[in-house]
Amino acid sequence: MTDSYPNQQHVHQHFVRGPSNGKGVAALVVGVIAVFFGVSVPIPVWGLIVSFLAFPLSVVAIILGHLGMSTARRVGMGRGNSLAGAILGYVTLGICVLTTGFWFSAIAGAASAATI
């Protein structure tokens with residue numbers, strides 16, 4: 001059996017992916033997870049448990065966001081993901097710090113009112 005088209009050419013296309021910014025994508029994902037846990041931090045008992053997840057995740061999102069932005073300057077893409085991850089990390093960190101400050105002041109106020 002011979003080919004009926006002996007001079008047929010096979011065309012192969014290779015798609016080259018551009019450079020990616022994995023740190024930016026990771027910052028965005030971790031930032032979304034941190035905000036998911038961070039919004040429940042103000043809940044009295046549950047918030048104490050969740051704050052042990054939200055606080056470290058927010059710090060990781062901030063670090064990855066800044067690393068991703070420095071990579072975006074070099075690579076040229078992924079700045080939006082990095083910036084969004086860092087902002088979500090800062091928002092969650094703010095929620096954790098403000099809630100912790102509120103609970104410490106509430107406990108101190110309750111303790112001083114009980115001693116009078």
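Begin by selecting helix α1, residues 22–38, where the 17 residues at 1.5 Å a residue should span 24 Å, and the end C-alpha atoms are 24 Å apart, which agrees; the expected span is 1.5 Å times one less than the number of residues, and helices are DSSP runs (H or I, at least four residues) numbered from the N terminus. This is a predicted model, in which local features need pLDDT of at least 70 and side-chain atom pairs count only at pLDDT 80 or more, while totals for chains, interfaces and linings use all residues. Residues are numbered from 1 along each chain as its sequence is written, and side-chain values use heavy atoms, with hydrogens and water left out.

Staying on α1, select Gly24, Ala27, Val30, Gly31, Ala34 and Gly38, which are its buried residues (buried means under 20% relative accessible area, exposed over 50%, and partly exposed in between, with a 1.4 Å probe and protein chains only). Seen down the axis of α1, these buried residues fall within an arc of 130°, so they line one face of the helix; the arc is that of the directions from the helix axis to the C-beta atoms.

Next, select helix α2, residues 44–75, and look at valine 50, where α2 bends by about 45°, the bend being the angle between axes fitted to the seven residues ending there and the seven starting there.

Finish at leucine 67, which is found in helix α2 and is partly exposed, with a relative accessible area of 39%.

Note on methods: Helix = DSSP H or I, 4+ residues; strand = E, 2+ residues; numbered from the N terminus.
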